[in-house]
Amino acid sequence: METLKNLLSPLTSSTGPIQDTLKLVVIGGTVETARRASVSAWSGFVDSFFLTAHFSQEDYPYDWLMHWLSKQPAWGRSREFDITTRSVSRHGLTQSTSGDLEEEEEDDGLVSSGRRKRKVAIIPSVDTTHTIYYRGHWLRITRSKRFQDYGSCGELKISVVARNNDILKRLVLEAKREYEKDAEHRVHIFMADTNYGCWRWNGARHKRPMSSIVLEPGVKDMILADCKDFLCSEDWYAERGIPFRRGYLLHGVPGSGKTSLIHSLAGELGLDIYVVSLSSKGMSDNTLANLMGNVPSRCILLLEDLDAAFTRGISRDEKSTGAPIGNTSSSSSSTSTSAKNKEENDGSTLSLSGLLNSLDGVAAAEGRLLFATTNHIERLDPALSRPGRMDVWVNFKNATKWQAEGIFKCFFPSKSSQQASSSSSPSTPQDPKDPASQENLAVPKRKKNAVLAPSLSDEEICVLAKRFADAIPDDEFSVASLQGYLLKNKTRPRECVEEVLTWIAQERETRAKLKKEKEEREAKERKEAEEQEKKEREEKEKKEQEEKDKTAKEVSCSTKSSAAPSEPAIPEVATSSSESESSTTGAEADGEESVTSEEDSPEEKGSESATEKTTSSGGNETWVAVKGHPPDPNV
Ligand SMILES: Nc1ncnc2c1ncn2[C@@H]1O[C@H](COP(=O)(O)OP(=O)(O)OP(=O)(O)O)[C@@H](O)[C@H]1O
């Protein structure tokens, strides 16, 4: 007791350094606790006046708001921010914004050396609260990230002191309007993520003018009119109970403008494109159904290389058989093997019925334009391309002379069309027969240091285009290959025409060479495959023979044991041709009776020394000799 008193005495005594320290700690602790309590009470009080809206990156309003925020001057003045050089952003952050560090002029040296300067943009940092003044209200904006199984997902929280949420509604609508205004010049592309069965934004491309697509007269107009008509016929479809969906099948040779036309249409109609590659790794019926059920009502759904989903193992050339692997009723065993291989190779378990269900099952989205492309229409199952699923079919062929002329004029617009486009005058009346005047030819805006093609008169361009077209044989070269040639000569229109025949000769030569190489390669592969098959067959036969020999050995052993109880069996048992051979040789050497076949010595049958044939396969016979006993019927 005395000891305890002594210990506490420095604390209880009126003065002393330890007591003073303790007092300070207690007072400090009390003050801090009171401060914290008051701060949290105050913030709770203040928060009760705030209206807060949350936006997730998974939904469109997040994009609208990020786009709107990126345009606010306050972002540029923010004291804490992230800097990004991502050239393409879903949020338009690299467009000229107040917070953008993009320099006006591009360094000529960099551009001429083929390297573009990277744009640098300021974006609000994550997990920091920023305050922005908007229409008489202070908005508190916090950007954060939520981590999910498949990566992080951005979130935006906007709080405002207001009596009702009108100001937030107004903000969202304004952000949406601005976003859509900016998107007018771009087409957003979404790609299917087969791992998580969701759509991932893949970038925004500049719209491609319809005038830059050169197809046979009337084709583009027909498709565009059909799409427009569909998009404004929702009620018509509803009244008749027809599912509000429309499918377009674009088929034909590679490089003929199928994909380009779809991009162009998307720009013209103001729709986003959702792309699914049916042959992508991990694609299954469920994933596809999930994806198809989650496209927005107004969009273009693009199924690329429709045939490839079921003919993965087949190359894209014309000689491939093209029979849809998953659907043929004949050769079912090979079909199942191929399907199995396919699954083993890439984990894809997509079936034709799964695809059909996704296209028009109950869960399939309505109001979308379905575009499917294929280079091999003959490979498609009729169920896939029947009306209702694919309502409009368009065949894309190699370039005609008309197209060659059109694409030449696209590359080398005449002086007058250049002037017309630079003064952005309204379109002039068009002559549908002339590929040049069929539409307002898109003349790209040139950089000041771009190498310019000589500006030729209308007449000269027409003459050159005609000569170029005359030299191009109908239906031999794809528009893409003509484009490749024109690109190589983009500043030399006259030389381009003069040298076209040489180019054609070279192309033909290259093709012939490639064809020959391909044939040789195929022949070699075929030979190798045959040899491999032969080897496998031989190995299989050998294995089978070994199995049979083994069985025969077992049988002979059992014969021996069944003979044992009555009388010990003579240990002269041959179980294989080789053994038989050696035993025969041994017997002969010993001067004893040798083991022979029934056919060879029928008179021995039933004699004291009986022989019995047990198995015969692959030319090798197995003989069991049981001396002194008739053949055992069980053997
Ligand atoms: N009819 C066309 N008009 C204008 N450009 C074309 C045309 N056809 C092809 N091209 C050009 O050729 C290139 C390839 O075209 P695109 O990808 O649209 O062909 P595709 O038919 O979809 O080919 P694939 O079947 O191999 O996918 C593009 O750069 C495009 O500009």
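Colleague: Start with Ala266. What does Ala266 touch, leaving out residues up to four places away in sequence?

Modeller: This is a predicted model, to begin with. In it, Ala266 touches Val187, Leu271, Ile273 and Ile300. A touch here requires C-beta atoms within 7 Å.

Colleague: Why is Ala266 called buried?

Modeller: Ala266 has 24 other C-beta atoms within 10 Å. The label needs 20 or more. Therefore Ala266 counts as buried.

Colleague: Where is Ala266 found?

Modeller: Ala266 is in helix α9. The C-alpha atoms of Ala266 and Leu224 are separated by 9.8 Å. Those two residues are 42 apart along the chain.

Colleague: Which other residues of α9 are buried?

Modeller: Besides Ala266, they are Lys258, Leu261, Ile262, Ser264, Leu265 and Gly267.

Colleague: How do you know what span to expect for α9?

Modeller: The helix covers residues 258–269, which is 12 residues. The expected span is 1.5 Å times one less than the number of residues. That gives the 16 Å expected for α9. From first C-alpha to last, α9 reaches 17 Å, close to that value.

Colleague: What follows α9?

Modeller: Gly270 does, with a positive phi near 70°.

Colleague: Now the strands. What makes β7 and β8 a pair?

Modeller: Strand β7 is residues 186–193, and strand β8 is residues 198–206. Eight bridges join them. A pair needs at least two bridges. So β7 and β8 pair, and they run antiparallel. Met191 stands opposite Arg200 in β8.

Colleague: What lies between β7 and β8 in the hairpin?

Modeller: Four residues lie between the strands. In this hairpin, Gly197 takes a positive phi near 60°.

Colleague: In what sense do β7 and β10 run, parallel or antiparallel?

Modeller: Parallel, with three bridges joining β7 to β10, residues 272–277. Phe190 stands opposite Tyr274 in β10.

Colleague: How many bridges join β10 and β11?

Modeller: Six, again in the parallel sense. Strand β11 is residues 299–304. Val275 stands opposite Leu302 in β11.

Colleague: Why is His130 called buried?

Modeller: His130 has 20 C-beta neighbours inside 10 Å. The cut-off is 20 or more. So His130 counts as buried. His130 is found in strand β4. The C-alpha atoms of His130 and Glu80 are separated by 8.8 Å, although these residues are 50 apart along the chain.

Colleague: And why is Arg135 called exposed?

Modeller: Arg135 has 10 C-beta neighbours inside 10 Å. Exposed means 12 or fewer. Therefore Arg135 counts as exposed. Arg135 is found in the loop between β4 (129–134) and β5 (137–148). Arg135 also has a positive phi of about 45°, although Arg135 is not a glycine.

Colleague: What makes Asp475 count as exposed?

Modeller: Asp475 has 12 C-beta neighbours inside 10 Å. The limit is 12 or fewer. So Asp475 counts as exposed. Asp475 is in the loop between α16 (458–471) and α17. Phi of Asp475 is near 55°, a positive value in a residue other than glycine.

Colleague: Last, the chain overall. How many helices and strands does the chain have?

Modeller: The chain comes to 20 helices and 15 strands. Of its 635 residues, 25% count as buried. Among contacts with a separation of 6 or more, residues 24 or more positions apart account for 71%.

How values were computed: Residues are numbered from 1 along each chain as its sequence is written. This is a predicted model: local features need pLDDT of at least 70, side-chain atom pairs count only at pLDDT 80 or more; totals for chains, interfaces and linings use all residues. Helices (H or I, at least four residues) and strands (E, at least two) are DSSP runs, numbered from the N terminus. Two residues are in contact if their C-beta atoms, placed from the backbone, lie within 7 Å.
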